[in-house]
Amino acid sequence: MRHASVPTSFAFLFVCTGNICRSPFAELLTAHLLSGRLGSEVRGFHFASAGVGAVVGSPMHPDTRNELAAWGLADTYAGGFLARQLEAPMVDEADVVLTATVEHRTAVLGLCPPALPRTFTLLEFARLITDLDPGPLPLDPIQRAHALVRHAPTQRGTTRSAKPADDSISDPMGRRRKAHHTAAQQVTQAVTAIAEAIAP
């Protein structure tokens with residue numbers, strides 16, 4: 001969502017391939033973590049996800065959905081989730097687009113090139129904002145989220161992962177339950193860092 005003045009809302013868009021594992025897990029857990037930190041203030045935040053090759057209309061993969069049980073989200077929230085295909089308007093309306101892999105980031109920018117300054121892999125964004133000096137950031141959570149997106153690219157020249165693959169979360173589809181657990185752990189670490197940066 002583009003804002004001409006002081007922003008009053010902030011929209012997340014998480015992207016993976018089928019929109020049944022990594023991106024819905026990130027969407028639901030980010031919403032849960034920020035809700036826990038912000039209470040009623042979370043109403044200004046919007047959470048969505050989509051897939052570049054979505055299994056449209058499908059629920060979350062059961063193995064990934066089970067990973068939400070630790071937060072009590074496996075039934076109440078995940079039970080109503082249905083996958084959807086990524087479309088350019090979704091990207092245009094998002095204040096930050098967080099992808100599972102570098103390839104997904106490329107796909108997002110293929111749909112909406114102007115989204116470059118606000119499109120990151122999930123792991124990349126978490127890494128970049130963790131190294132930001134929090135001192136100059138606004139205290140208001142929504143304004144702070146926008147500031148994090150603005151300032152994150154400035155860290156790209158000073159904070160790097162060991163290799164590009166380190167900024168990607170591997171696809172657990174077609175693999176054993178352990179792969180879903182590993183992907184969920186990576187997502188959890190990243191979105192926890194994001195929630196803490198927005199609402200310290």
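Helices (H or I, at least four residues) and strands (E, at least two) are DSSP runs, numbered from the N terminus. The model shown in these views is predicted, so local features need pLDDT of at least 70 and side-chain atom pairs count only at pLDDT 80 or more, while totals for chains, interfaces and linings use all residues. Residues are numbered from 1 along each chain as its sequence is written, and side-chain values use heavy atoms, with hydrogens and water left out.

**View 1. Two cavities of 30 Å³ or more turn up in a search of the whole structure.** A cavity here is a set of points, on a 1 Å grid over the protein atoms alone, where a 1.4 Å probe fits but cannot get out; lining residues have an atom within 4 Å of a point. Points are joined across faces, edges and corners, and the volume is the space filled by probe spheres set on them.

**View 2. The largest cavity, at about 50 Å³.** Its lining is F14, V15, R22, S23, A26, L98, T99, A100, L122, I169 and V187. By class that's eight nonpolar, two polar and one charged (Ala, Val, Leu, Ile, Met, Phe, Trp, Tyr, Cys and Pro count as nonpolar, Asp, Glu, Lys and Arg as charged, and the others, Gly among them, as polar).

**View 3. The second largest cavity, with about 40 Å³ of space.** C21, R22, F25, T64, P172, A183, A184 and V187 form the lining. Here α1 and α7 (177-198) each bring at least two residues, and α7 has the largest share with three.

Methods. 1 Å grid on protein atoms, 1.4 Å probe; cavity = no way out; pocket = protein on both sides within 12 Å on 5 of 7 lines; lining within 4 Å.
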